[in-house]
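This report covers the overall fold of one protein chain and then turns to a single residue.

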Amino acid sequence: MSTNEVTIIGTGPAGLTAAIYAARAALNPVVYAGVQHGGQLTTTTEVENFPGFEHGILGPKLMTDMTAQAERFGTKINYEEITKVDFSSQPLKLWAGDHLIESKTVIIATGATAKTLGLKSESKLMGRGLSTCATCDGFFYRNKRVVVAGGGDSAMEEANYLSKICSEVILIHRRNDFRASKIMAERARANPKIKIMTPWIVEDTISDETGLTGLKLKHAETGETKNLETTSLFMAIGHKPNSDLFKPWVDTDSHGYIKTTNHTATKTPGVFAAGDIADPLFKQAITAAGLGCQAAIQASKFLEGH
Ligand code: NAP
């Protein structure tokens, strides 16, 4: 069996940028695409904040183009999911089912999955009123009334961001107490454009052929129900980093994000982490791509030194 120089797990902006850089450094990267080829951008519509596209680009198209760019320089993409790893010694070992892969370096770019409310019509309305990213989609609802669901720091941050571009932000949380830090919650309460509704639960969506038109709400204590008119709901109830598989070989923070030192290095030599999996703060396509570039260059330097 041959040993890969660089194996990349994940095909979001971090994984594919790492592949482009590793391929152009003649390292013949092998990429494992996993269950959601293209990552979170494949579930969005227009991406208007990725530099280089004056008029924006559709998320799935951006990822298809990045894939083609990586392949043009010799990246091999396998549409398999890595199910087990053993990074206890060199070469590093990975399995896709029964298929054993050996590699000198590994770049983990498995991302973080945004949690959603589990509403019936979520898949149908995602990108047509439903969103999990205010920075990505807020602009489409400028000067409109928008709703944010959640009670943590993410929800406060999203509500605050949206209040700068939207006419009104309704922040809905299922409890009267916020999990958010005091300062973030107070900032939201003091913002005249943010109206807080607690304890209300978003039970269902109302939609027509144009997309979301409203929400069905239920009071968590009295059981009262009502409808709220809106064309957008931002679900800001946290992310789940896809790091479980790697936990014995990398350190993670209390939420599961991989801790890196010296840019993208993990505690295991030759194993690097890039993109949302190692970024609890920014979680943008462009920051993920930047980390992917760093990881590929660091993997290349690691190989030179060994
Ligand atoms: P979080 O702290 O886990 O909060 C998630 C919120 O969503 C909670 O209020 C929770 O309600 C609610 N929620 C979860 N599942 C729900 C459901 N099915 N239906 C309705 N509501 C639901 O997540 P986060 O806000 O993403 O923050 C994660 C970490 O990142 C935190 O440590 C946070 O401080 C940090 N962070 C920091 C900043 C900043 O400092 N600028 C910004 C963002 C995040 P309950 O409270 O009822 O459980």
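Helices (H or I, at least four residues) and strands (E, at least two) are DSSP runs, numbered from the N terminus. By that count the protein chain holds seven helices and 19 strands. Its radius of gyration, taken over C-alpha atoms, is 21 Å, close to the 19 Å from the globule rule (2.2 Å times the number of residues to the power 0.38) for 306 residues, so the chain is as compact as a globular protein of that length.

The model is predicted: local features need pLDDT of at least 70 and side-chain atom pairs count only at pLDDT 80 or more, while totals for chains, interfaces and linings use all residues. Residues are numbered from 1 along each chain as its sequence is written, and side-chain values use heavy atoms, with hydrogens and water left out.

Along the principal axes, the C-alpha atoms fill a box of roughly 65 × 40 × 35 Å. Further values for the protein chain are tabulated here.

| Property | Value |
|---|---|
| Buried residues (under 20% relative accessible area, 1.4 Å probe, protein chains only) | 49% of 306 residues |
| Accessible surface (Shrake-Rupley method, 1.4 Å probe) | about 14,800 Å² |
| Part of that surface belonging to carbon and sulfur atoms | 51% |

Of the contacts (heavy atoms within 4.5 Å) between residues at least 6 apart in sequence, 58% join residues at least 24 apart.

Ala-26 sits in the loop between α1 (13-24) and β2 (30-32). Ala-26 counts as exposed (over 50%) because its relative accessibility is 59%. Its C-alpha atom is separated by 51 Å from that of Ile-172, 146 residues apart along the chain.
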